[in-house]
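Hello,

Here is the structure I promised to pass on to you. Please open it alongside this message.

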Amino acid sequence: MGNGWIGRRVAIIDGCRTPFLKAGTAFKQMTAIDMGIAAVRELIARTELDPAEVDEVVYGTVVHSVLAPNIAREVQLGAGIPARAPAYTVSRACASANQAITSAADSIARGYADVVIAGGAESLTDVPLLVSRPLRDRLVAASRAKTMGQRVKAFAGMKPKELVPTTPAIAEPSTGETMGESAERMAKENGITREAQDRWALRSHRLAAEGTADGRLTREIVPMYIPPTYEEVVDRDNGIRTDTSLEKLATLPPVFDRRYGTVTAGNSSPLTDGASAVLLMSEEKAKALGYEPLGYIRSYAFAALSPSAQLLQGPAYAAPIALDRAGVTMKDIELWEIHEAFAAQVLSNFQALDSNEFARRELGRSAKVGLIDEDRINVMGGSIAIGHPFGATGGRLTVTLLNEMKRRGLGLGLITVCAAGAMGFAMVLERA
Ligand SMILES: CC(C)(COP(=O)(O)OP(=O)(O)OC[C@H]1O[C@@H](n2cnc3c(N)ncnc32)[C@H](O)[C@@H]1OP(=O)(O)O)[C@@H](O)C(=O)NCCC(=O)NCCS
């Protein structure tokens, strides 16, 4: 397997994203497609790419628009990429943009494409509201009615509760448990204290605030003109708090287990709107077009466990596989971007990776996978502070990691993501 990658080497040229804004704030009039178009257009402009070079667009989203389910195609056409390039949408919960990137990489590795734009977008403001099933049956019957009498009959005996809409829940269809409840359960089972969670959350905000102030985070962000007037410009994430403290975090009430819980609005990632875009090429094509890639994909892995087990523990299962495929160990990793769904999840993932018992019982390995120093993990904060538009986060992690590896002159980095359905993702990236 050599260095672990099968097929042509895949380069990541560059990437960018919109600001990540709390749901219901400045992007509330925009759709995921609008945000995706903005991110992809900016990527093309920044890289001075001829859109005619793009062979394919792969885009991730989680809460799909019922009206435009193939968001990739709409983003492509809206961003001015010629129609002859095909585009498809992928969905793997919070790892959807990672799935888009790996699907793009696989087509490049096989030689089916040379230049692919990947990424993802999510609007958690613009979520589809569904009518109840009984009301839907009545509306369908009414639309098929041939007479006024039949139409009226379709609504006979309708109960008020049929009018209550159904909203998409952040819950497992198989168990009914929400993500927050799972995080709460993991905190209890793994003994992750409220204080430890709040400390991680505070760290996320402090480092994200530093990364914003010194421009490392904002240089990846597309400044956005906000509809309807297009007079206001937003060029940074709006969930990062410079005013938070351990004392303030300690006052917040638990949300998912109000009586005995430890997971709060402060130590969870917020519901967020945003989009990301990443340009991938075969190594040869990058050379031919004169690009200096940000880095290369060395390996990746997806793994999964039962949703009734520790739902957000996926990274602890995926990371060792990706590291093995790359032919390296955790000790070789110089920088790590871990998606922060909840502080309880991050700290549970660390605990599992650092446990010999977990390695033997769950991974069938003789020794633990291990950890790296905390000061090499999420060095500009993470999703708790920056926000988490489900379909877009994977693009942010990839680009932020590679840009920081470049600034620090590092060779090897790791990305991990937990995802609904009890899945985990890990990718090893290299600079040279
Ligand atoms: C946790 C959650 C329910 C909180 O939602 P919310 O109540 O709308 O959150 P808010 O931002 O309004 O925060 C609630 C309060 O906490 C305060 N707060 C939040 N973070 C804070 C911080 N770091 N420091 C101080 N105060 C904070 C807010 O100011 C707000 O106070 P207020 O009520 O006085 O205005 C929501 O963010 C959520 O569902 N997150 C999880 C999403 C998820 O499951 N994602 C999938 C994981 S991959």
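Below are some notes on its cavity, its pockets and one of its helices.

First, some ground rules. This is a predicted model, in which local features need pLDDT of at least 70 and side-chain atom pairs count only at pLDDT 80 or more, while totals for chains, interfaces and linings use all residues. Residues are numbered from 1 along each chain as its sequence is written, and side-chain values use heavy atoms, with hydrogens and water left out.

On a 1 Å grid over the protein atoms alone, a cavity is a set of points where a 1.4 Å probe fits but cannot get out; a pocket is an open set with protein on both sides within 12 Å along at least five of seven lines; lining residues have an atom within 4 Å of a point. Points are joined across faces, edges and corners, and a volume is the space filled by probe spheres set on them. The whole structure holds one cavity of 30 Å³ or more. The largest cavity is lined by Cys16, Arg17, Glu220, Ser276, Gly395, Arg396, Val399 and Thr400. Strand S1 (10-17) and helix H14 (393-408) are the elements that give two or more residues to this lining, and H14 provides the largest share, four residues. (Helices, H or I of at least four residues, and strands, E of at least two, are DSSP runs numbered from the N terminus.)

The largest pocket has a volume of about 1000 Å³. Among the 42 residues lining the largest pocket, Ile170, Ser269, Pro270, Leu271 and Phe390 are the closest to its centre. Helices H6 (179-190), H8 (246-251) and H13 (383-386) each supply at least two residues of that lining.

The second largest pocket has a volume of about 240 Å³. Of its 17 lining residues, Thr31, Ala32, His64, Ser65 and Asp126 lie nearest its centre. Helix H1 (32-47) and strand S5 (115-122) are the elements that give two or more residues to the lining of this pocket.

Finally, have a look at helix H2 (residues 71-78). Ile71, Ala72, Val75 and Gln76 of H2 are buried (under 20% relative accessible area, with a 1.4 Å probe and protein chains only). Seen down the axis of H2, these buried residues fall within an arc of 130 degrees, so they line one face of the helix; the arc is that of the directions from the helix axis to the C-beta atoms. After H2 comes Gly80, whose phi is positive, near 85 degrees.

Enjoy exploring!

How values were computed
Buried < 20%, exposed > 50% of the residue type's maximum accessible area, 1.4 Å probe, protein only.
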